[in-house]
Structures are given as C-alpha cells and as structure tokens.
Amino acid sequence: MTGWRDAEPRPFWLDSPLRPPAADAISGEQSCALAVVGGGFTGLWAALQAKEDDPGRDVVLLEQAAVADGATGRNGGFADASLTHGLPNGLERFPDEIGVLERLGRENLAGIERAIERHCIDCSWERPGYITVARAMHEVDDLREFVPVMREHGLDAEWLDADRMRSEVDSPTYLGGLLQRTEAALVDPARLAWGLRRACLDLGVRVHEGTPVRALHELADGVMLTTPDGRLRAEQVILATNGFPPLVPSIRRYVAPVYDYVLVTEPLDAARMRSIGWRGRHGLSDAGNQFHYYRLTDDNRILWGGYDAIYHYGNAVSPELEQRPATFDLLERQLLETFPQLEGVSFSHRWGGVIDTCSRFCVMFGTGMSGRLAYAVGYTGLGVAASRFGGRVALDLVDGRDTEATRTRFVRSRPLPFPPEPLRYAGIRLTVRELARADRNAGRRSLYLRALDRLGLGFDS
Ligand SMILES: Cc1cc2nc3c(=O)[nH]c(=O)nc-3n(C[C@H](O)[C@H](O)[C@H](O)COP(=O)(O)OP(=O)(O)OC[C@H]3O[C@@H](n4cnc5c(N)ncnc54)[C@H](O)[C@@H]3O)c2cc1C
C-alpha cells in the first residue's frame, strides 16, 4: 500500500491559488509599539485584537516563512471551543475552574465567528457537529458514561449506538459514537489565516514575511529584535512561535515539538461517497490514546491525520521531518481498515507539521523582560480556536490588564517541565510506547503511565 507516494508532498490547505503574495522582509532600523513574532493563528489574533482595541497602536508582525506556513496551515481544521484540550483534560487539571474555562471557550468560539463575519473572511466555516467513535468495547463504556458529564457542562451530546453510528458514517470498525452537536466547527485553516492577515493589513498592522527573528535583547525602554536584514526596537513583544526553536529559554523547558502527519485523498466520486455515507459531514476522531482525526473537505476529499506523534532528539524541527514514509504507510493502511470500501483510492497531498506539546496539553503563558514580553504556547494539537484566546491573554498580560481570564489558575500556572535531553527523548519515546500498549490492553494503563498521571505529567498530540 503506497498510494500516498503519488501525493503532493505539501499541505493541501496551502496548495491554493488564494495564497497571498509574500510581504517584504523587514530591513534597516525600525521601531514599533508592539512586535508580534509568529504569523500563525496566535500571532494573527494577537495583532488583530491589539489593533481592534486601539487602532492607533503601531503593531508589527514578523513571520520567518509566510503567514500560515506553520501548524496553522497544516492542521485538520477542527475548531473546538475547549481551551483545555477537551473537557476530560480540563476536569482533570482544572476542576475548580472548569465552568469558567468552558464558558470562556464558548465565548471565544463565538468571537471567532463574529470576526469572520466582521472581516468578511471566506473560510468554509461550518458547524456539522463532531463525533468521537468507539472501536473497542472499553471505549464504548467510557464514551457512553461521559454523555451526562458533557450535558452537565452545557454541551449538546448524544450517544449513538453502532447502528446509528454506521447510519451516519459507515465503517465496519465502529461500535458506537459520541456526537457533540455544539461548540465545534470545521474550517479551512489557511483561508481563515489569510483572511486574518488581510484584516490585520486593513487595520494597519505592518506584516513582514521571510523575517526570522534571530535574537531578543532587553533594553532600558523596550526590546530589540534582530533579524537577518534589520533590527526592530519594540516597546512590547508577543511571542507566538509554537513548537519552533524558542527565543526565550523558559519555553524550551515546557514545550516539546512533536510531528503529526496527514494524508488527503483525491475527491471521492458519488459512488464512493454513497459507500461510506457521511451525509452529515461531521468531523470525526477515534477514541484511543493514539487517535486519528478525519473530515471531509469542500470537494469531498478525506483529510486523515494523527495516530503517530513523533518527537525527534534535541527538539529537532526541520523541513525534512515533514515527510515520513513509515507514518504515511501506517495512515494509508489504517484509513483502508476503517473504510475498506475505499480500496484503490488515490491521495492528493501528504505532509507533517509541528505540534507544541506540553505536559498539561493546553496553552500556557509566560512573561519576561521586565513584563515587556509575553507568550502563549503549548496548545498540544488543539489550538485552532484556543489560539484566539491565547493571543488575547498574551496581549492582556503584556499590557498588565487584570481580566477574568488573567486571574485564572489556568493562565497563572505552568505545566510540569519536560526533563532535558537525553531524558526528554527517552521519556517521550517510552510514554508513546506505553500509550500504544494501553490501547491494545483495553485501555488499561501501566504502572509507568499511572505514575505520570499522578504527577500530572502527560504526553499527547
Ligand atoms: C498536523 C497538525 C494537525 C493539527 N490539527 C488540529 C486540529 O484539527 N484542531 C486544532 O485545534 N488544532 C490542530 N493542530 C494545532 C493547531 O494547528 C495549532 O495549535 C494552531 O494553529 C496555533 O498555531 P500557532 O499560531 O500557535 O502556531 P503556528 O501556526 O505554528 O505559528 C507559529 C509561527 O511562528 C513562526 N516562527 C517561529 N519562530 C519564529 C522566529 N524566530 N521568527 C519569526 N517567525 C517565527 C513560524 O514560522 C510559524 O508560522 C494541528 C497541528 C498540526 C501540526
């Protein structure tokens, strides 16, 4: 099974005629009030909200490649309201605040929708609902038991037995599914990011692409950002650099860059679509520790990603790591196990991207340089929607604003750090192996995993 080899080795979303021409790199000596480093969702939302708050603020956004070239243009396009990488993780880690966090998450998702309307962004935003499918008996039990908990927290959730599930989407592997009708959307992430980029430019943000920031130096009255062809003196800085090599050492302690991979099929013809159903176009994922996420695109391709989460020694991040034949083999095989009806389907795109994993699986914040710098990183694979909240909070932190969000333990606390190398590599590899073993053993977690659970030190993608 090597159908994926014929696919274009680049992200489907970015392979579009709508991709805007690159903005100029920064050059010479310049200055600004606020510099935002990173042109993904976090940076774009931070820059946009800064301008919407105060149109007179001089904001510069610096992106080393092009806007959306990082995780933002490479993801599944699942926009989930949860700020905590799902309700179960939120309940586990922030039981005292989960009500507030769920509400802030819902408000945040609604804020994204309003911004899309306000700025007329055409990005295939749709709310078909989201189903987590069970493919093992222990997953059936776990998911079914979770329905009342979700309802208690205001989510419109329903358990679908195997027949109902297979009438929605037909896979012989499905034993049931947990349908969430609300608080989740699907989006074309690159078109959303490009729309936010245009909105930023319209409001006067100075956007520079092809501009890697090499170093930051604190000054008496600000921060100096050094780039290959220039220097930018900023009164304040927001770092929105995800799992890329960090510009401040504290991010390195907490964030490990983990590669996640995706295949996209050619558009399915009417007969193939009929064979799998999927009329409701729900976003889907399966329930294991190692899970797939999958969805339909506008033109009925299947985007199929996840399962493997690959960490490379020494926090390595590089373009060569974006293609991984062993993972593509696995993804293709697993897609056809799930939908044997699709035997012989061709693939159009294959790619990988960096996830900023932290041990609590959700965004964390920090400040530095005498309060002139703030960052929001660590979304761990659920940042499409949470990044607007991340950008907002980073802005509030650098401005010293006291808000409901900045008062939460969620914003104030840090995850446990990952150890330095070589322990980091060994620990992450062992954890991934143990999580796969738990999936094979009806969800039973080994002593090692239970010890990590007790410490609050986890690994996810
Ligand atoms: C394969 C994959 C699938 C995913 N699926 C989903 C999903 O379905 N749903 C979901 O919610 N989340 C998903 N995620 C996560 C989600 O994409 C991110 O959390 C989200 O896009 C937030 O992005 P960000 O802006 O923080 O990071 P990014 O989009 O990575 O942006 C960071 C930017 O900073 C730039 N940069 C880094 N260092 C520098 C520097 N020194 N100077 C200048 N620029 C710099 C990078 O080039 C990059 O563009 C997925 C991620 C991946 C990789």
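Is Tyr311 buried or exposed? With a relative accessibility of 3%, Tyr311 is buried, a term that denotes under 20% relative accessible area, with exposed meaning over 50% and partly exposed the range in between (1.4 Å probe, protein chains only).

**Figure 1. Overview of the predicted chain.** The model is predicted, with local features requiring pLDDT of at least 70 and side-chain atom pairs pLDDT 80 or more, whereas totals for chains, interfaces and linings use all residues. Residues are numbered from 1 along each chain as its sequence is written, and side-chain values rest on heavy atoms, without hydrogens and water. Of the 461 residues in the chain, 59% are buried. The C-alpha trace spans about 65 × 50 × 40 Å along its principal axes.

**Figure 2. The ring pair of Tyr311 and Tyr425.** Aromatic pairs are rings of Phe, Tyr and Trp (its six-membered ring) with centres within 6.5 Å; planes under 30 degrees apart are stacked, over 60 edge-to-face and the rest tilted. The count by this rule is 15 pairs. In one of them, the ring centres of Tyr311 and Tyr425 lie 6.2 Å apart with planes at 45 degrees, so this pair is tilted. Tyr311 belongs to strand β16 (residues 310-311) and Tyr425 to helix α12 (residues 423-440), so the pair ties together parts 114 residues apart in sequence. Helices (H or I, at least four residues) and strands (E, at least two) are DSSP runs numbered from the N terminus. Tyr425 is partly exposed, at a relative accessible area of 26%.

**Figure 3. An aromatic cluster.** Trp4, Tyr259, Tyr261 and Phe328 are joined into a cluster by ring pairs.
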